[in-house]
Amino acid sequence: MGRTVVLIEPTRFLGGLTTGGLGATDIGNKRAIGGLAREFYGRIWKHYQQPSAWNRQKKEDYANRRGSGSEPAETTMWTFEPKVATRVYDEMLREVADRVTVVLGERLDLTPGRGVIKEGATISRIVMESGRSFAGRVFIDATYEGDLMARAGVSYHVGREANATYGESINGVQAGHAVSHQFIRHVDPYVRPGDRSSGLLPGINPDGPGAEFSGDRKVQAYNFRLCTTDVAENRRAWAKPANYDPRWYELLLRNFEAGDHRVPWNPVWMPNRKTDTNNNYAISTDFIGQNWDYPEAGHAERERIRQAHIDWQQGLMWTLANHPRVPEKVRAEFQRLGLARDEFTENDNWPRQLYVREARRMVSEYVMAERNCTRAEVATDSVGMGAYNMDSHHVQRYVTKEGFVRNEGDVQVRVRPYPVSYRSIRPRAAECANLLVPVCLSASHIAYGSIRMEPVFMVLGQSAATAAVHAIEQGVRVQDIDPAKLKARLLADGQVLDFDSAPIAPVARKPRTGLPGIIVDDLDAERRGFDRGSSAHHVYVDAGYHHDNNANKGAESARFTPDLPAAGRYEVRIAYPPNANRATNVPVVIKHADGETRLTLNQRQKPAIDDLFHSAGVFRFDAGRRGHVEISNAGTDGYVVIDAVQWLPVPAGK
């Protein structure tokens, strides 16, 4: 558009998470991504069309490993090595080097009263810690933290709002919703097991989760997205940190000893036998509860928090690879994979960018909320689209009233691709007339959990820049630009502003307290495997259900054991969410007073009772915990899901 830009980067590298380890692009429906962002993923695709791009594996071997249909279009690629993302960004910048000046290693001065010079509601210049200042017509705060926005006097929020604030259902404290990345056994949280007086192990909030659905100042967990490899000559073994503190890993070891032998991370394969590795299960790379002060901290305090995350994650990796209390199969997995030597070479192969999943969020005259993500309300002034689940990682770790440790804050709920309002990326005019905020935009915690994906930030960044040019050309505040002209230019530049999609089936969550009889939920079952939690289906009991991920056939089972108040005849009902990808031949064993009954369950068929329960028959049971229902995945021909089992007393004579 013919304008000049000064791009100020506080670190020594560009690209944030996209060049900092997040090579498995999170977006949901990729149709939502257009403009320069789609050009970026197109250039990634072009790079990997070159034979020279494949030095650790063959291109076809990677395609086979990823599976058919992993790339939705012929000319885009959404998985890549960090160094390739850097190469592509640098190439794009070289093409506009006459108009874009890149300044590295300059941080905004966060001293109170400094950093931003305003004339009325207009920023005239900004000042760095070094004293260097930059003037401009329009400013864009594209940081993860929102420092320029805050210093400019723009309203913002940190943490979770109460559900009532914006009329939402999955904001605020979500202790009842948090079924994923959860402990599957009872784990003792005390320094001396069973001794409350000995205090809690590190990282556990002693104050409890807070009132359900209430707001707080806590933010979802951060981590580093690790780039690992299983290629021996390119792999580094995990080193034990010099300041290793075993207390931080005692809870992890107790969790293994309680029977949770899952491999606690999620490596997604990138080209050349590398991974983008993220958090998974109860205790993993997320440093839960240790980032609450980060959003509003100064540079020094943020660096301390960042280093604490490095120490935690490096110590975790060493522990998982070497500690004798870690199950052998888990140790073997962490010995098989290690940091890639040819990535982040200037940073000892460790990712440079902390994954700041949320920090400050602006509060403008339009706040994106849950209603937008479900398209109950559709913004008409779109500058891009969100399409990922409403997704929050855990926020805290606490102790239940029974004395066991539990995680809180994880939410994963589907959305329909939806527009993001222009009013949500610009402040109120009275607060600042020449600032745009495409990253720390105006959104509730749970809506931000959907918007906060790197390609969406790219899209909103382009739209913010387009709006900035229009404000300059029209000689008006960013709040007063011509909306029709903005829309026309965005569409001309290939931005995707809206499209319709199939409605989301309404959730019919059934709290166990509202169901008759004796209910044993999947969280109460004795599980071997079945460790993938979900709430994607629209009908389920309590907070969600679990499934086998259509894997480990014959190795996973779940035993539901009721505590029956009296002997007698009971109807056994099995709850499961049906789907076309489910197994038709799920083995079920019912142990009752007269022996065992074996049957198979077709989980593709909709259950006849309330679309939720299938009646398995009437059986005689003794009082207490002497009977059970066991579901397994042996020999099954699809996904096996477990949700709940219900025992209904049958009156005598019926």
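1. In this predicted model, helix 2 (residues 35-47) packs against helix 4 (residues 82-94) at an angle of about 120 degrees, and the two axes lie 10 Å apart. Helix 2 and helix 4 are therefore oblique to each other, since the range counted as roughly perpendicular ends at 115 degrees and roughly antiparallel begins over 145. The crossing of this pair, helix 2 and helix 4, is right-handed.

2. The residues that form this contact can be followed on both sides: helix 2 contributes L36, E39, F40, R43, I44 and H47, which meet V84, A85, R87, V88, Y89, E91 and M92 of helix 4. Sorted by class, the contact of helix 2 with helix 4 holds eight nonpolar residues, one polar residue and four charged ones.

3. Helix 2 also packs against helix 11, here at an angle of about 135 degrees and with the axes 7 Å apart. That angle makes helix 2 oblique to helix 11. On the helix 2 side the contact is made by G35, L36, A37, F40 and Y41, and on the helix 11 side by P455, M458, V459 and Q462. The contact of helix 2 with helix 11 divides into seven nonpolar and two polar residues, with no charged residues.

4. F40 of helix 2, which takes part in the contact with helix 4 and in the contact with helix 11, is also listed with W238 and Y422 as having the most contacts inside the largest nonpolar core, a set of 105 residues. Helix 11 (residues 454-474) gives the most to this core, with nine residues. A second, separate core has 28 residues, among them Y576, A583, V588 and V629.

5. What surrounds W238, once its neighbours within four places in sequence are left aside? The residues in contact with W238 include the tryptophans W265, W318 and W350, together with L226, T228, M317, A321, N322, F334, L337, G338 and L339.

6. Returning to helix 11, H470 lies in this helix and is buried, with a relative accessible area of 7%. Not counting residues up to four places away in sequence, H470 touches M1, I481, K485, L486 and R489.

7. Y249 is worth a look in the loop between strand 11 (235-236) and helix 6 (250-257), where Y249 is buried, with a relative accessible area of 4%. Apart from neighbours within four places in sequence, the contacts of Y249 are with Y244, D311, W312, G315, L316 and T319. The C-alpha atom of Y249 is separated by 8.7 Å from that of P202, although these two residues are 47 residues apart along the chain.

8. Most residues other than glycine have a negative phi. Y281, however, has a positive phi near 75 degrees, and N550, which is likewise not a glycine, has a positive phi of about 55 degrees.

Technical notes. Residues numbered from 1 in each chain as written. Predicted model: local features only at pLDDT ≥ 70, side-chain atom pairs only at ≥ 80, totals over all residues. Heavy atoms only, no water. Core = buried A, V, L, I, M, F, W, Y, C linked by side-chain atoms within 4.5 Å. Buried < 20%, exposed > 50% of the residue type's maximum accessible area, 1.4 Å probe, protein only. Helix = DSSP H or I, 4+ residues; strand = E, 2+ residues; numbered from the N terminus. Contact = heavy atoms within 4.5 Å. Axes fitted to C-alpha atoms, helices over the stretch in contact; angles between N-to-C directions. Parallel < 35°, antiparallel > 145°, perpendicular 65-115°, else oblique. Left-handed = near helix turned anticlockwise from the far one by under 90°. Nonpolar A, V, L, I, M, F, W, Y, C, P; charged D, E, K, R; others polar.
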